[in-house]
Each structure stands twice: as C-alpha cells, then as structure tokens.
Amino acid sequence: MPVSRDFAAPGGPALDDLGVRLHDGVGTLRVWSRNASSVELVVFEATDLDWVTDQIALERTPGGVWEVTTPLLQAGTRYAIRVGGPHGPGNTFNPETLLLDPYARGLAQGDGYEEWRSVVMADGFDWGGSVKPRIPLDRTVIYEGHLKGMTKRHPDVPPALHGTYAGLAHPAMIAHLQSLGVTSVELLPVQAFVPEPRLLERGLTNYWGYNTLNFFTPHTAYATEAARQAGPEAVLAEFKGMVRLLHEAGLEVILDVVYNHTSEEGLGGPRSSLRGIDNASYYRQEASGAYIDTTGCGNTLDTSTDAGARLVLDSLRYWARDMQIDGFRFDLATALGRDASHTYTPEHPLLVAISEHPDLQDVKLIAEPWDVGLGGWQTGNFPAGWHEWNDRYRDRVRNFWLSDIDYARRASAPVGIGGFATRLAGSSNTFADDRGPLASVNFITAHDGFTLHDLVSYDAKHNEGNGEHNRDGADTNRAFNHGAEGPTDDPAILAARRKAMRNLLGTLLLSAGIPMLTAGDEVGRTQRGNNNAYAQDSALTWLPWNLEPWQQDLRAHVVRLLRLRSENPALRPSRYARLGEHIPHASVMDWYDQDGRTIQSDQWADPGHRTLQYVAASTPGSEDPNRILLIVHGTESPIDVRLPTEIEGATRFVSLWTSAQERPTDDEEVFVPGEVLSVPGTSMRLFRVE
C-alpha cells in the first residue's frame with residue numbers, strides 16, 4: 001500500500017505494498033522480517049485447507065522485505081507462509097509452522113482452533129455513489145454497540161439477519177438509529193478475532209472481540225450464514241454493503257480497533273502470525289526475550305519499530321479508504337504511543353502519522369487514553385487532531401448524581417458543584433485550549449462496566465457468571481443502588497432510579513464535548529449487575545426490544561435531549577471561550593446560584609451549595625445566536641430557585657425539558673426573570689433564553 005510522495009510513513013517506500021498485490025495476471029507477495037533466514041509461500045487446495053498444492057521460496061530484498069511474484073497467487077487463493085530463522089533470546093522461529101500473512105484481506109478457517117489460512121482478495125465493490133456523511137464534530141453523537149448484540153433479538157429484523165452485518169443495515173435498525181437522533185455508530189471490534197483458549201475451556205467465548213487475529217479482515221462470524229457459506233469474498237461484500245447502506249442513511253461507522261496486542265497472547269500462547277514471522281521485532285520485550293506487557297493481554301505490539309507502526313498505519317488506511325470507515329476508537333491507545341524505551345510520548349511517530357496521513361484526514365480519531373503499563377494514564381495528553389474518552393468526566397458525573405447522594409443519605413454531601421460544572425462546560429482543565437471541548441468524548445457508561453440501569457441499581461458487581469469467582473471487573477464503580485441491591489418492587493426506589501438515569505443522560509447529552517451513548521442505555525438495559533460481560537454471548541448482553549412503559553418513557557427523554565442538542569448550538573461549542581474576547585464557535589458561559597446571583601468563588605467547593613444555573617450563549621459562527629439556561633440541583637431535598645435577572649437582553653425563559661418528569665411533555669412553559677421556581681430534589685431543567 002504505497003503512500004503519497006509528500007508523506008513520510010514509518011519505514012518509507014521499502015515497506016510499501018506488503019501483503020499480496022494482484023497485477024498482470026500474477027500476484028506479488030511481500031512479507032517483512034528483519035531476522036528471518038527463510039520465508040516460504042504455501043498454497044492450499046481451496047476446499048481442503050490441509051492439502052498443500054504448491055510451495056515456493058521468497059527472496060530477501062533490501063529493507064528486510066521478502067518477496068515472490070507468481071501465478072499461483074490469484075483471487076481466492078488460500079495460502080500461508082512459513083518462516084525460518086535463528087534461535088536465541090527474542091526469536092521464536094519454526095520453519096514448520098503455518099502462519100497468516102499479517103496483511104491478508106481475507107481468511108478461511110479449517111477444522112481446528114488454529115487452522116486459519118490467508119485468502120487473496122480481489123479489489124472492487126459497487127458503492128453506488130454513496131459517500132461518507134462527514135458529520136461535523138460538534139453535531140456528532142456516538143452510539144457504542146456490539147454488532148451482534150444490537151440486532152440479535154430485534155423482532156423486525158429477519159431471523160436470518162440477526163446478529164449480522166446485514167442485520168445492522170436492515171431498515172428496522174436504521175429507523176431505530178435515525179429516530180433516536182444519534183449520528184455515528186461505534187462498533188465493538190469487527191476485525192477478525194478469536195476467543196482465548198482459557199475461555200473455551202470454561203465453555204465461554206470472547207463476546208466483545210478484543211483479541212485480534214488479523215488487522216485487515218472483517219470478523220467472519222458476523223456475516224450471514226449465506227455469506228459465510230459463499231466464502232470470504234461474500235463476507236467482505238456484506239460488510240461493505242452494511243457501510244454503504246448506513247452511509248446512505250446519513251449514519252457514520254466508527255470501528256473500535258485493537259492494535260495494542262494480538263491474539264497470540266504471552267510466550268507459549270498461539271503462534272499464528274507475527275510471533276512466527278519476527279517475534280523480536282513485532283512485540284515489546286526485554287533483552288532476555290521476556291515480554292513487556294502494557295495491555296494486560298500477554299503481549300504488546302511494538303510500535304517503536306517501523307514495521308509495527310507501519311502495520312497499524314496501513315491497516316487504518318485500508319479500512320478508511322477501501323472499506324469507507326468514518327472513524328476509529330483506539331483500544332488502550334497509550335500502548336501505541338510508547339517509544340523504544342516503552343515511555344509514552346504524544347510526539348510518537350505513529351500517533352503523528354495517523355493524524356497527518358492524507359488517507360486519514362476525513363476520519364475521526366478517538367483514543368482510549370490509557371493502558372496498564374507504567375505511566376499509562378494519559379487523559380488529555382494526546383496530540384492535536386485526536387479526541388479522547390474522558391474518564392474524568394465519567395467519574396465526576398457519576399460521583400455527583402450517585403455516590404455523593406449515597407454519602408449524603410448517611411452524612412452530608414462530600415463536595416460542592418465546582419468539579420461537576422467544569423465537566424459540564426467542556427473539561428477545560430483537562431484539554432489544551434487549542435484542542436477545545438470537542439477533544440473530550442463524554443461518557444457515563446461504555447461496553448465495559450455497569451450499564452446505566454445497573455449503575456443506579458447495584459452497589460457492587462455481580463460477575464459470578466464469568467467463571468472467575470467475581471474477581472474480574474472493576475471494584476470501584478461510583479454506583480448507587482438507591483436502597484436495595486438489584487431487583488426490587490419498592491416504588492420509591494424504582495422512581496429514584498429512573499430519575500437518576502434521566503439526570504445522568506441529561507448531563508451527558510447537554511454537556512459540551514462529543515457525547516457517547518452506550519447502546520441499550522436509552523431503554524435501561526440491564527446485565528443483572530455484571531460489569532464485565534466480555535464472555536457473555538447471550539440474552540444478558542443482547543439489546544431488548546420488547547419494552548416496558550418506563551423504558552419507552554426513558555427512550556423518549558433521550559430522543560428529546562438529542563433533538564434539543566441539535567437545535568441549540570450553545571450546547572455544542574467547538575472552542576473554549578476567553579474572557580473579553582470574541583471567539584467564534586465558543587459558548588460564553590455565566591454561572592448563577594439558586595438565588596439568581598453570580599456564583600462566588602467560595603461557593604464552588606462548598607458541599608452545602610449543590611445548585612447552579614448555567615447560562616451558555618453561542619458565539620455566531622455558522623448558525624444563528626442561541627442562549628440556554630440549565631438548572632442543576634444536586635441534593636434530594638427540593639429547593640426554590642429564582643431565575644436570573646442579570647442576563648443582558650433576556651425577557652423570558654422557555655422551558656424545554658426537565659428530568660423530574662417520567663415522560664417528556666410538549667408543553668413549553670414560559671417564565672420571566674426573577675420568577676421563583678420550585679425545583680424537585682436531584683433534578684435538572686433546561687430553558688431557552690429569549
């Protein structure tokens with residue numbers, strides 16, 4: 001895969017066109033291995049992946065690339081490679097092991113767990129004129145979900161399409177996404193992955209998919225039975241067809257990608273590709289050959305080497321260009337930015353290359369800004385052009401609405417409202433001024449951890465079903481069960497839980513930054529207290545579609561909030577405001593207390609002061625001027641709030657939404673400056689300022 005002439009990719013031209021390239025009736029295979037002494041192409045009979053039909057040696061070329069051009073490589077050819085080399089620390093060569101081409105665009109599986117073969121794929125797909133939606137960042141609303149889980153039980157999706165690429169693109173699912181108001185579907189890993197042997201031994205599987213086998217191939221099991229039977233070409237076509245239909249509906253596709261480690265696990269684990277090709281160069285390790293594991297998964301891809309960095313970059317370019325993907329969320333992204341000393345640096349050549357490569361200029365780049373290694377927590381420290389999961393936002397918002405309330409029932413609220421206000425306004429204490437609030441991907445929940453429903457229904461995790469004696473999963477969740485652990489029929493507890501969910505969703509969808517909603521949270525999906533359901537491929541993790549009335553009400557709140565977010569640009573600034581300056585696309589923010597007076601500095605940290613009135617005024621850029629007022633009340637006792645009189649030009653406040661209602665109404669009550677409102681305990685209320 002060559003790069004543009006004016007861009008210096010890791011490794012330079014020597015690493016162009018790795019994998020198989022078809023041309024002039026033949027195919028050229030290029031494999032990189034600095035330490036190998038021999039590389040061999042092995043070709044198999046198409047219907048019997050154990051039947052070797054041909055073998056041919058590759059020749060070493062400059063730059064550590066081994067190459068062969070042969071008519072044996074045609075579209076549909078099943079092949080593997082064998083690599084020989086020296087023994088010693090860091091090397092794990094075995095010239096008898098059949099290995100996957102790391103650049104293979106297609107895979108075929110035989111009978112055994114490790115019986116995979118690479119498949120040569122022809123280019124070409126009719127995109128029908130569809131184009132990437134290119135949703136502006138300030139209008140982006142991410143919907144994170146599992147491809148199988150979203151459609152597995154959908155009653156309007158045909159059973160043959162349940163849990164498949166085609167199922168996600170079915171009109172019923174597209175209608176769901178459009179009616180909700182989200183703009184971008186973020187899919188848990190769909191690059192080819194395998195379950196860990198230890199899970200198979202316990203009768204479980206890797207449901208989430210964070211165990212990548214190959215960085216270029218769609219996961220076969222997510223294709224329909226018909227496509228799987230037809231072969232890798234049909235699987236690829238189904239994936240592209242899904243992207244095309246979602247794009248035609250105006251929806252973006254973002255992929256959760258796992259480049260930090262592979263399914264080869266630690267030393268002694270499976271030898272399927274990189275370990276057998278050049279273990280010393282592809283995995284981080286000490287001089288002794290012992291792995292340096294900053295991922296917690298047994299190995300860490302060494303992106304300080306040109307080959308490791310180029311593998312990631314070329315994979316991203318393929319998905320963005322050939323598969324038309326709109327963005328990527330990088331799992332444990334800190335691991336990708338570690339240098340040769342295994343220290344994270346935002347100037348890492350790979351991170352810079354990803355943000356600057358011409359093929360990646362129109363894609364969204366989202367970092368999970370941590371890993372488990374030394375110095376792994378890096379929220380706020382990724383380079384310009386990157387967006388980051390904001391765990392500080394998550395923790396502060398959970399604290400404010402849940403653990404603080406729990407604590408207050410036993411004593412008094414432990415903190416004031418200042419930290420919460422900072423997160424509501426775009427986390428300017430975390431992200432540099434030039435990056436702005438849209439550097440923050442705000443979230444309350446994600447695929448790992450409690451669902452929204454369980455966050456307000458359980459104090460502790462209940463992961464016994466994972467077979468690890470409840471030792472797995474996070475112990476610190478900042479959750480609050482509101483008086484009973486798990487299921488209850490107490491109407492007061494249930495009502496408090498529902499309002500807590502509305503407060504959390506309201507905060508998420510009205511905050512400055514890019515909101516990420518976890519699929520199913522809009523209807524209060526439960527995993528019965530399991531906060532690490534990575535191995536649960538069952539109704540426990542699939543989305544429910546037969547909804548109770550309270551779930552329909554909750555969904556109606558999400559729809560309303562997303563519509564209001566779209567209609568009010570003051571809620572979605574792309575830049576931070578600066579006092580006394582006119583900053584286009586920023587929102588000028590003013591803060592008032594419950595008496596309508598400007599909040600004083602000593603009130604922010606005062607635990608006795610947990611009520612604020614937040615006024616945001618958009619600075620015209622491309623939209624009409626807009627102002628909103630948001631009341632946030634963070635104690636369980638009701639309070640009287642006097643609307644501010646100091647807002648210049650404000651003559652009335654039009655009520656748009658409140659978390660106090662079980663179901664949003666269309667009534668737009670009008671209030672005037674200085675009027676006193678009775679605000680229920682732990683609630684929010686949004687107004688348009690006119």
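The following exercises, with worked solutions, concern a predicted model.

**Exercise 1.** Determine how helix α3 and helix α14 are oriented to each other, and which residues make the contact.

*Solution.* 
Step 1. Two packed helices are described by the angle between their axes and the distance between the axes.
Step 2. Helix α3 covers residues 171–180 and helix α14 covers residues 549–567; their axes come within 8 Å and cross at roughly 60°.
Step 3. On the α3 side, the contact involves His-176, Ser-179 and Leu-180; on the α14 side, it involves Arg-555, Val-558, Val-559 and Leu-562.
Step 4. By type, the residues of this contact comprise 4 nonpolar, 2 polar and 1 charged.

**Exercise 2.** Identify the strands that pair with β6 and describe each pairing.

*Solution.* 
Step 1. Strand β2 (residues 26–32) runs antiparallel to β6 (residues 65–70), and 6 bridges join the two. Within this pairing, Val-31 has Trp-66 of β6 as its bridge partner.
Step 2. Strand β5 (residues 59–61) also pairs with β6 in the antiparallel sense, over 3 bridges. Here Thr-61 stands opposite Val-65.
Step 3. Between β5 and β6 lie 3 residues, and the two strands form a hairpin. In its turn, Gly-63 has a positive phi of about 90°.

**Exercise 3.** State how the span of helix α6 compares with the expected value, and what follows the helix.

*Solution.* 
Step 1. Helix α6 (residues 232–248) contains 17 residues.
Step 2. From its first C-alpha to its last, α6 reaches 24 Å, close to the 24 Å expected at 1.5 Å a residue.
Step 3. Buried residues of α6 include Val-235, Phe-239 and Leu-246.
Step 4. After α6 comes Gly-250, with a positive phi near 85°.

Conventions. Residues numbered from 1 in each chain as written. Predicted model: local features only at pLDDT ≥ 70, side-chain atom pairs only at ≥ 80, totals over all residues. Heavy atoms only, no water. Axes fitted to C-alpha atoms, helices over the stretch in contact; angles between N-to-C directions. Helix = DSSP H or I, 4+ residues; strand = E, 2+ residues; numbered from the N terminus. Contact = heavy atoms within 4.5 Å. Nonpolar A, V, L, I, M, F, W, Y, C, P; charged D, E, K, R; others polar. Pairing = 2+ DSSP bridges. Expected span 1.5 Å × (residues − 1). Buried < 20%, exposed > 50% of the residue type's maximum accessible area, 1.4 Å probe, protein only.
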